[in-house]
Amino acid sequence: MNFDPRFSGRKFTSVGTRPIRPDGVDKVTGRARYGADFNMAGQLVGRVLRSPHAHARIVKIDTSKAEKLAGVKAVITAADLPDLTNGDAAMYDVLDNCMARTKALYDGHAVAAVAAVDARTARQALKLIEVEYELLPHVTDVDEAAKHSAPLINDAIFTEGLEEKPVKPSNVTKRSQFGHGDVHQGFGHADFIVERSFKTEQTHQGYIEPHACVANFSSDGTADLWVCTQGHFVYRQHCAQLLGMEASKLRVTSSEIGGGFGGKTHVWAEPVALALSRKAGRPVKLVMTRDEVFRASGPTSATSIDVKIGARKDGTITAAEATLRYSCGPYAGSWAEIGAMTAFACYKLDNVKTVGYEVLVNRPKTAAYRAPSAPMAAFAVESAVDELAKMIGMDPVDFRIRNAAQEGTRSSYGPVYGPIGIGPTLEAVKSHPHMKAPLGKNQGRGMACGFWFNFGGQTCTDLNIGMDGSVSLAVGTVDVGGSRASLSLVAAEELGIAYEQVKAIVADTSSLGYNDMTDGSRGTFSSSMATISAARNAIKILRERAAQMWDIAVDDVVWEKGHAIAKGEKHGNLGKLSLKEIAVESGKTGGPIAGHSELVADGAGVSFATHICDIEVDPETGATRVLRYTVVQDAGKAVHPTYVEGQYQGGAAQGIGWALNEEYIYGKDGRLQNPGFLDYRIPVCSDLPMIDTQILEIPNPNHPYGVRGVGETSIVPPLAAIANAVSNAAGVRMTHIPMSPPRILAAIEAEREWSK
Amino acid sequence: MVEVTLWGSLGALAGGNSKVEIEAKDIRELFRKLAEQYPGLEPWIDKGIAVAIDGTIYRDTWSKKLPEGAEIFLLPRLAGG
Amino acid sequence: MAGVAVSTTINGDTVEFLCQPDETLLDVLRDRLGLTGAKEGCGTGDCGACSVILDDRLVCSCLVLGAETEGRRVETIEGMAHGDKLHPLQQKFLEHAALQCGICTPGFLIAAKDLLAKNPDPTEEEIRFGLAGNLCRCTGYDKIVRAVQDAAIVMKGA
Amino acid sequence: MRYIRPLSMEDAVGQLAGSSGTSAILAGGSDLLVRMKGGFIEPDLIVDIKAIDGLSEIRETPEGFSIGAAVPCAVLGESAALKKAWPGVVEAAKLIGSKQVQGRCTITGNLCNASPAADSVPALVAAGARAVVVGPAGRRTIPVQSVPTGPGKTSLAKGEIIEAILLDKRAPRSGDAYLRFIPRTEMDIAVVSAGVNLTLDEHGVVKSARVALGAVAATVLLVEEAAQVLIGSKLDEATLERLAKVCAGACRPIDDKRGTIEFRRKVAGVLAKRVATTAYARAGGK
């Protein structure tokens, strides 16, 4: 691969325009097929039996009655998914999460599954499965779980990363630490210090489409899987490994995906559906109910965070420290670690130290959710930053500008930054009209910054030029929010043809090389890089074919604006050949014309955003209303600006929901109390104002067009921005998210009591 | 010879060093030599470590050259949502 | 359990089907009639992804029994466009990029169609409250509201 | 499981009374189908009452209004006469669920579902509404508050169906109002709610009053003491403060996923003040 990914600075023709997406008509007419919209002849209905207990040893499972029920074609338990993980601890956790082996570790943990001729029979069969549980003490709160006295969830786990090897097992699976300088000394130089503790509750990605798949296992050992996923290649690997198959024998087709946000990056039901199909010898469709989605799929961490920041009178931060405890569910994770890395990433700090603790709890296995772990850390840090600015008497924007990281700053997580956008987003906010708009009674304004790494990864695309000059682009990154449009734009740009000439599709796992999943804001970043590379490879062939057609040396042919042009005076009368003209002749000049690309898209380029919001608080009820919201974020280069705006708005809306109302509520019995959209309250249309956006373009030096990931960063600042706004409106610092009306009212009442 | 900075928790496994000097031309060689010199790091390298070269994070490009004098920083290999 | 024979009108066509007494209209549409445009996001009337119009009333098809539709009229997303001509709402949803993942889109379009039929000139607030029964997790609703506003203008002009 | 659609009350009552096993009455279905979906109920017989003559109508009678048991709440909002006479009842009914649910749900269903947080019930109780119950033993009319006896439980006997809800003709200078507290702007179940119904004398002094609170006890509370606070007043600041205090004191709430005891008490008082003020203004008070 001789592909140069460096930013080249060019004028764009297609990139930056806003055409209609290629999958649009199917989606507005109901024709697009999502996970649950696919059916196969003879298909059975799969259903999963789930533990009602937060923590219990599985003594015995008797499936005999269910098996005897007419219409039941297969019943499986963990015994049907033997451990083939061969010491791979992370995969073992995935397997155990798909089907509990010795213990049920949370309310909703799968313990058995059935495949039957229809839904009613499957439901009845579940009732006939007898599971004998031995109840164990449970713990769902992150702080409680970290205590020495807490019930142990896994007695084989000893805390990693401690100086001394622990002698006793613990629910704290890992300690991680980041930073530089000497915070003790730094605090010694501070004139003002803010020290506070914060909590955030567990949230769910809340995609509207429940997990769904159709598995068809053939007696020849091959299988097909239709599934809604953020990464069908990763699902293939995981399923193949767990079922003991060769990856190439399992063909996974990604359906249209009805939202993922990190939650469709892990397998849950898919290995179960395959195992059911294998046992029944028929296709099995398995669709989670909404209740199952909440109880058993990907929530984020609940957290407890202590922050201490000190500054001099002139507004210079002298030291910053944070201790972060993140819940992982019942399996080890690295969620606090990410929080510890991102917490102070916006700032230029001489002395900084963050420590993360991963904590096991009897809740579902934590999954990624849009810039995973960063929003909670940003909430704690940005709240303390706001308070510190107030203490010093500085404007919160100016205070942040003074301390903002810039090119050459050593980041709090280690490396030195290249060109970054935190300063420009703050400057844009400072001069934004929103900051000057008047506020009414009981209204407050808040702002906050956010950081996310963005990632790239393994990527592969095929670009095939038809004999009529139309271009089909096959990509392997699932389109979660319009990437087929942006990638078509990129192909059109590079080839110099019209957007309408390109048709992009997401290829299945048997049609294209491996691709990492669409996560880490990598979809457009990575696949556009691979598309550019594939287009350049195709152009090389187009030039060769043009040279043949003209019978001249290929080095004399250049590619400009969609045409081969013969350069040099001796070819002056040859004119030019369009892509189409070359394609038409391709059968006679060497066969099909295509460009392929397999690459690792690294160097995704970190991303920053600053948000502003106005909130009104009803001091008698604690009710809040979001009056106005503005997002300013660096996109590197917005390939399809409308969809970039969409990412900004969507991330902000999710953050607003998280900040104000969304939370997992567990009862004393360890059962989830609100597994539905009625009481897990994501924002509805009437809850939100228009969300204004401002796209900044600070080119990423590691992408030919300067593209940075844009999907995730927008969810990082809202928790803090809203907390700051509520705190300003209500006159009391909010330290617990979500800031539901009861919490706000209690805080206001406590403040009233205190000031009496 | 490049100087490699290890993040907090990793330093403990490299004999308490937060910085180590390694003769390596690319990420692949860096990982190989790190594992040779500090066997405690090997399981971590297997699980995944990212390398920041002058601030740009590389997770998978093991062929990436390590320029003389560049700032090399090891980080946990993260993923997003 | 005895099946119920039902004769109803869907998108103008007479349709006959046999369903179980406890089977929802949503299940009938999706599993018996192959009309998978209505989506099941929750099955409890909280997300609106399964919205259809039943005798001029907007309803969640997950909260209607298939058996209840005997002799009634059902309009689904599949009947919204006329041939290859999109309804103005569909067109505006495309132009405004009022969808990202698109799973909520059929429900929003049906709800917006019902809204504009009853209130051709809604304020932003009326649109927001009128569509509050439809959840969208991707867009933050901004572009959806703008698309409906724009479609209302086009439809008034038509 | 059987689904039937009787055409007469007699038939419906007979089928229900004669059924063995679990039976369910289907009007709007917005509660029933959710409970079926969740596996909480698997009825052997579903009696769809929407085809019964007259049950889908709002009738204006010399005594007031008769709202058929199968009238969807959306239709209540479309009845100008009802809206004018009982704006509080209509606004409460219009708050149940989304537009989609409005096209289906009924106030009778809301009442019979017997949730302490049902939106229309405090307004109906404040309005002094009555339910016409038809059963094997004949027809009887009872105050709506005697229908729910606890969460999910009603006083209706086997085979009994509520045929209609009756609202009185309005006395001059009367007004009612309903308010609920929810965390979002739509789609939530009431955390606390309050309905107030007032009639004033010609001087704007409250002559009669009914105050009902929702989601603060096992059933909707009709707070007699709160009514007494309002009667004889012109809703001055002190009266409103006393009203808030009395209402907060009357609550017997629980801590649950939707709110705390503390919060419910406090907000019950706040809502009572606000809703009384609206009802007073609607009655023509200044």
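This is a predicted model: local features need pLDDT of at least 70, side-chain atom pairs count only at pLDDT 80 or more; totals for chains, interfaces and linings use all residues.

Student: How do you know how confident the predictor is in chain B?

Tutor: The scale is pLDDT, the predictor's confidence in each residue, from 0 to 100. Chain B has a mean pLDDT of 88, and 100% of its residues reach 70 or more.

Student: Why are helices H14(A) and H15(A) called roughly parallel?

Tutor: The axes of H14 (residues 483-495) and H15 (residues 523-550) of chain A cross at roughly 30° and come within 9 Å. Axes are lines fitted to C-alpha atoms, for helices over the stretch in contact, and angles run from 0 to 180 degrees between N-to-C directions. Angles under 35 degrees count as roughly parallel, over 145 as roughly antiparallel, 65 to 115 as roughly perpendicular and the rest as oblique. H14(A) and H15(A) are therefore roughly parallel.

Student: Which hand does the crossing of H14(A) and H15(A) have?

Tutor: A crossing is left-handed if the near helix is turned anticlockwise from the far one by less than a right angle, and right-handed if clockwise. H14(A) passes H15(A) in a right-handed crossing. Residues of this contact include A:Leu487 and A:Val490 of H14(A) and A:Ile532 and A:Ala535 of H15(A).

Student: What makes H12(A) and H13(A) roughly antiparallel?

Tutor: Helix H12 (residues 396-403) and helix H13 (residues 422-430) of chain A pack at an angle of about 160°, their axes being 10 Å apart. H12(A) and H13(A) are therefore roughly antiparallel. Their crossing is left-handed. On the H12(A) side are A:Val397, A:Arg400 and A:Ile401, which meet residues of H13(A) including A:Leu426 and A:Glu427.

Student: Why is H10(D) called oblique to H11(D)?

Tutor: Helix H10 (residues 237-250) of chain D packs against H11(D) at about 140°, with 7 Å between the axes. That value makes H10(D) oblique to H11(D). The crossing of H10(D) past H11(D) is right-handed. Among the residues that meet are D:Leu240 and D:Leu243 in H10(D) and D:Val270 and D:Ala272 in H11(D). The contact divides into 9 nonpolar, 1 polar and 4 charged residues; here Ala, Val, Leu, Ile, Met, Phe, Trp, Tyr, Cys and Pro count as nonpolar, Asp, Glu, Lys and Arg as charged, and the others, Gly among them, as polar.

Student: How do you know which chains are in contact?

Tutor: Two residues are in contact if their C-beta atoms, placed from the backbone, lie within 7 Å. Of the 4 pairs of chains in contact, chains A and C share the most contacts. That contact takes 41 residues from each of chain C and chain A. The largest share of the chain C side, 4 residues, comes from H2(C). Chain D touches chain A with 17 residues, meeting 17 of chain A, and helix H11 (residues 261-282) of chain D gives the most to the chain D side, with 5 residues.

Student: What separates chain B from chain C and from chain D?

Tutor: No contact joins chains B and C, whose closest C-alpha atoms lie 14 Å apart. None joins chains B and D either, the closest C-alpha atoms there being 27 Å apart.

Student: Where does UniProt place the domain named "FAD-binding PCMH-type"?

Tutor: The unreviewed UniProt entry places it at residues 1-172 of chain D. UniProt positions are given in the numbering used here, feature names are shortened, and annotations may be inferred rather than shown by experiment. In the model, this span of chain D is 31% helix and 26% strand.

Methods: Residues are numbered from 1 along each chain as its sequence is written. Chains are lettered from A and ligands numbered from 1 in the order in which they are written. Helices (H or I, at least four residues) and strands (E, at least two) are DSSP runs, numbered from the N terminus.
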